[in-house]
Amino acid sequence: VEENGRATHLAKLTAPDGAPMDYFGWSLASADDLVVVGAPSVDSGDHNQTGAVYLFRMEDNGSATLLAQTSSPEGLANDYFGLSVDLSGDLVAVGAPQSNAEGSGFGSLFRIEDNGTLTEIDQFTAPFGGSRDAFGGNVSLYDDLLAISAAGKNWGNAQQVGAVFLFHDEPWINDPPVDLFLSNNAIPENQ
C-alpha cells in the first residue's frame, strides 16, 4: 500500500501449465517475498483433480518468479491437494482433504530449500481418522505450530462435529494429542 493509501498492481501470477478447471488461486498465502498458490483440481497423468502447489518469489522490480511446483505426493484422483495452503518461514503446509476412497484427507509439510525447491518433510493424517473427515480442508502454520482442520470429523454418535488437530515442532508430532472441537454435545476429548 502506497503512502496515499492506494495499492499498486505489481504482477499477475499464473500457472505455467494452467488448464481449464485447475482452480489456480483457490488458496494462497504470502510471507516476506514469497507467495504460495494452490490449484486443487490440477490433473496428474490419468488421475483427475490430484492438485498442485506453486511457489513464487516476488522480485524487486515487481515481477514474480516461479521457484517450484509440486503435485500431490499421493497422486490419487480427487486428492484436491492444494485446497488449503499456508506459509511460515521456510515451511509450506498443504492440505488435501479428499485423498483416498474414504475422503479422510491428509496434510503435507514442505521445506523451501535454498535453491527454491520444495522438499516434503512430513505428511499427516488425522489421529483417530475416519472416512469423510476432510482432514486438510484448512491448514494454518506459524513458527513451530501447525493446525489442520477435519471439518467432517465424527465424535461418537455426533456426526460431522469437526475438529482441529495441532502438531508442533520437528519431527512434527501430535503428542500429547491435542484436538480442538466446538460442539453443544458433551464429547470426551481425544476419542
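View 1. Leu28 stands opposite Val37 in strand 2. This is a predicted model, where local features need pLDDT of at least 70, side-chain atom pairs count only at pLDDT 80 or more, and totals for chains, interfaces and linings use all residues. Residues are numbered from 1 along each chain as its sequence is written, and side-chain values use heavy atoms, with hydrogens and water left out. Strand 1 pairs with strand 2 in the antiparallel sense, over five bridges. (Strands are DSSP runs of E, at least two residues, and helices are runs of H or I, at least four, all numbered from the N terminus; two strands pair if DSSP finds at least two bridges between them.)

View 2. Strands of a sheet pair through backbone hydrogen bonds, either parallel or antiparallel.

**View 3. Strand 3 and its two neighbours.** Strand 3, residues 52–58, is mostly covered, with five of its seven residues buried (buried means under 20% relative accessible area, exposed over 50%, partly exposed in between, with a 1.4 Å probe and protein chains only). On one hand, strand 3 pairs with strand 2 (residues 34–39) over six bridges, antiparallel, and Gly38 sits opposite Val53 of strand 3. On the other, strand 3 pairs with strand 4 (residues 64–71) over seven bridges, again antiparallel. Look for Ala52 here: its bridge partner in strand 4 is Ser71. Strand 3 and strand 4 also form a hairpin, with five residues between them, and Gly62 in the turn has a positive phi of about 95°.

**View 4. A charged pair, Arg57 and Glu59.** The side chains of these two residues meet in a salt bridge, at 3.0 Å from N to O (a side-chain nitrogen of Lys or Arg within 4 Å of a carboxyl oxygen of Asp or Glu). A search of the whole structure finds one salt bridge. Glu59 counts as partly exposed because its relative accessibility is 24%. Arg57, with a relative accessible area of 30%, is partly exposed too. Side chains of opposite charge can pair when their charged atoms come close.

View 5. Another open sheet of four strands runs in the order 5-6-7-8, paired antiparallel. Its edge strands are strand 5 (84–88) and strand 8, each pairing on one side only. The twist here averages 20° from one strand to the next. Strand 6 (residues 91–96) pairs with strand 7 over six bridges, in the antiparallel sense, and Leu91 has Arg111 of strand 7 as its bridge partner.

View 6. Ser84 is found in strand 5. This serine is buried because its relative accessible area is 4%. Leaving aside residues up to four places away in sequence, Ser84 touches several others, including Ser27, Ala93, Gly136 and Asn138 (a contact means heavy atoms within 4.5 Å).

**View 7. Gly116 in a loop.** You'll find Gly116 in the loop between strand 7 (106–112) and strand 8 (118–124). Gly116 counts as buried because its relative accessibility is 5%. Residues up to four places away in sequence aside, Gly116 touches Leu55, Leu67 and Ala68. Gly116 and Phe56 are 60 residues apart in sequence but 8.9 Å apart in space, C-alpha to C-alpha.

View 8. Met21, Tyr23 and Trp26 make a nonpolar surface patch of about 380 Å². (Patches take residues with over 30% relative accessible area and no salt bridge, joining nonpolar side chains (Val, Leu, Ile, Met, Phe, Trp, Tyr) within 5 Å and like charges within 9 Å; accessible areas come from the Shrake-Rupley method with a 1.4 Å probe, and for residues only the protein chains shown count as cover.) Trp26 lies in the segment before strand 1 (27–31).

**View 9. Stepping back to the protein chain.** The secondary structure comes to zero helices and twelve strands. Of the 191 residues, 42% count as buried. The accessible surface is about 10,200 Å², with 47% of it belonging to carbon and sulfur atoms.

Note on methods: Axes fitted to C-alpha atoms, helices over the stretch in contact; angles between N-to-C directions.
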